[in-house]
Amino acid sequence: MSSKKNSNQRDVVLMQQRIDEGILLAQRRLLNRGLHDDLSFILFQGGVVAEVPARDIKW
């Protein structure tokens with residue numbers, strides 16, 4: 001029973017890593033599109049909504 005639990009935990013960790021990598025890839029692609037088309041993004045940080053040009057976002 002213990003080895004199955006460890007296997008499931010490894011599967012969950014691997015799946016979370018893949019999800020995180022996919023999110024980072026999507027963010028990079030979105031930023032690249034914003035840079036290419038000279039767009040700005042609406043961000044919510046620290047309780048404040050702000051419009052930030054893509055060129056001002058540091059990756």
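**View 1. Ile 19 sits in helix H1, which covers residues 2–36.** Helices here are DSSP runs of H or I with at least four residues, strands are runs of E with at least two, and both are numbered from the N terminus. This is a predicted model, in which local features need pLDDT of at least 70 and side-chain atom pairs count only at pLDDT 80 or more, while totals for chains, interfaces and linings use all residues. Residues are numbered from 1 along each chain as its sequence is written, and side-chain values use heavy atoms, leaving out hydrogens and water. Ile 19 counts as partly exposed because its relative accessibility is 40%; buried means under 20% relative accessible area, exposed means over 50%, and partly exposed lies in between (1.4 Å probe, protein chains only).

**View 2. Met 15, Ile 19 and Ile 23 make a nonpolar surface patch.** The patch has an area of about 270 Å². Patches are made of residues with over 30% relative accessible area and no salt bridge; like charges are joined within 9 Å, and nonpolar side chains (Val, Leu, Ile, Met, Phe, Trp, Tyr) within 5 Å. Accessible areas come from the Shrake-Rupley method with a 1.4 Å probe, and for residues only the protein chains shown count as cover.

**View 3. Strands S1 and S2 form a hairpin.** Let's follow the turn: 2 residues lie between the strands, and Gly 46 in the turn has a positive phi of about 60 degrees. The two strands pair in the antiparallel sense over 6 bridges; pairing requires that DSSP finds at least two bridges between them. Opposite Pro 53 in S2 stands Ser 40. From the C-alpha atom of Ser 40 to that of Ile 19, 21 residues away along the chain, the separation is 26 Å.

**View 4. Arg 55 and Asp 38 meet through their side chains in a salt bridge.** The N to O distance is 2.9 Å. Arg 55 lies in the segment after strand S2 (48–53) and Asp 38 in the loop between H1 and strand S1 (40–45), so the pair ties together parts that are 17 residues apart in sequence. A salt bridge is a side-chain nitrogen of Lys or Arg within 4 Å of a carboxyl oxygen of Asp or Glu, and the count by this rule is 1. Arg 55 counts as exposed, at 53% relative accessibility, and Asp 38 also counts as exposed, at 56%.
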